[in-house]
Amino acid sequence: MMRSLRLPAAVVAGLLLSTAAAVAAPKTVSGPGPDPQCFKPWKADTKYMQWPKKDGPYRVAIVNGFVGNTWRIQMIQTAKAYAEQPGMKDRIKELKVVSTGTDVAAQLGAMEDFINQGYDAIVTIAVAPDGFDRVIRLADRNNVVVVPFDNVLDTDKVMQVNEDQLEIGRISARHILKELGSKREGKILEVRGLPGNSVDRDRHLGFREVMEKEAPKFQIIEIVGNWDDGTSQKATADALAVHGRFDAVFTQGGSTGTVRAMMDAKHPFVPMAGEAENGYRKLIAEHAKDGLKGLSYGQSAGLVAISMKAALSALEGNPMPQLISVPIPVEDYTTLKAGVNYWPDLTDNFFAANAFPACGVNISAPEIMAKDAKNVQ
């Protein structure tokens, strides 16, 4: 026979209050917060979050997943470089970096370990968009700020950082139409990214939104470049062989390969919008006078720096947007400067977009390249 245990009402209330307090961080508050040009809310109705203020300097962990491509390697190098810049170095007591691979459980385990060690903030590129509820609750109980960026989570329980991929497509379309002047008919090549990826989808939709509204008579030829120079170069070469001349090009990545395919085919240079690969920017700088009126936007590896900056701002007790829309780093053929936003002596696959003027963040190529992508345990 089971006997019920009755506790005094005051004790029950106290237990409930203490449990609630243990998971109370962060709370929903009214905005705006600090640096509204940098920490811009994704939408007008994006909620604001506030954590209890902590005294610095802080212990920060970067928990990456996959590390087997240039972008991820550069991201880790950027985090290490940014942590040593003036204004950050005195606010970060300790920086740890781990890359856990593509296994969600390994990433969750690393995050839990850092929380249990008493770290103040964890910045992460999530391996998957869900499955993080448990670690978020653990972070809340320990007043740890978790900031996913780039690959974000399907939740509004943490502060997250990303760029607006739809707007990247719109910016690209506007640039092409501006450079084409009054021309509103012809053929445009669209080199898409990895099929089935939300970034590819959103950039495509943003591009088409503007083109269909402002220049619906253009025929847009789509090919798949997988954000890879070699794939884009071959796919572009095949498209040129089939379709002949294009009046403009929008490429989501592998931009250097697309331009090289056009050069190999002796296709005239045309207005173009593409990613922030150093090789692409070098080609724009060299051939703008010949007609390569290029725009270069960036899904920047420097997003990690904005995420670190946001995490520290939250630890200092500031109200922060739950989802931050980072200003998109954009340069074009009129603004490129050697040694500032592209580097003639560096490799083509270095991602050159690492300046966010609205955030006061600029990590130079030499700073980044001086670091490695090794774990810092």
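A residue is called buried under 20% relative accessible area, exposed over 50% and partly exposed in between, with a 1.4 Å probe and protein chains only. This is a predicted model, in which local features need pLDDT of at least 70 and side-chain atom pairs count only at pLDDT 80 or more, while totals for chains, interfaces and linings use all residues. Residues are numbered from 1 along each chain as its sequence is written, and side-chain values use heavy atoms, with hydrogens and water left out.

Phenylalanine 207 is buried, because its relative accessibility is 0%. Phenylalanine 250 is also at 0% and therefore buried.

Aromatic rings are considered next. Rings of Phe, Tyr and Trp (its six-membered ring) pair if their centres lie within 6.5 Å; planes under 30 degrees apart are stacked, over 60 edge-to-face, and the rest tilted. The whole structure has 3 aromatic pairs. In one of them, phenylalanine 114 and tyrosine 119 are edge-to-face, at 5.0 Å centre to centre with 75° between the planes. Both phenylalanine 114 and tyrosine 119 are buried. Phenylalanine 207 and phenylalanine 250 form a stacked pair, because their centres are 4.4 Å apart and their planes at 25°. Phenylalanine 207 belongs to helix 6 (residues 198–214) and phenylalanine 250 to strand 11 (residues 248–251), so this pair ties together parts 43 residues apart in sequence. Helices (H or I, at least four residues) and strands (E, at least two) are DSSP runs, numbered from the N terminus.

Threonine 46 sits in the loop between strand 2 (40–41) and strand 3 (48–50). With a relative accessible area of 13%, threonine 46 is buried. Apart from neighbours within four places in sequence, threonine 46 is in contact with Pro41, Pro321, Gln322 and Leu323, where contact means heavy atoms within 4.5 Å.
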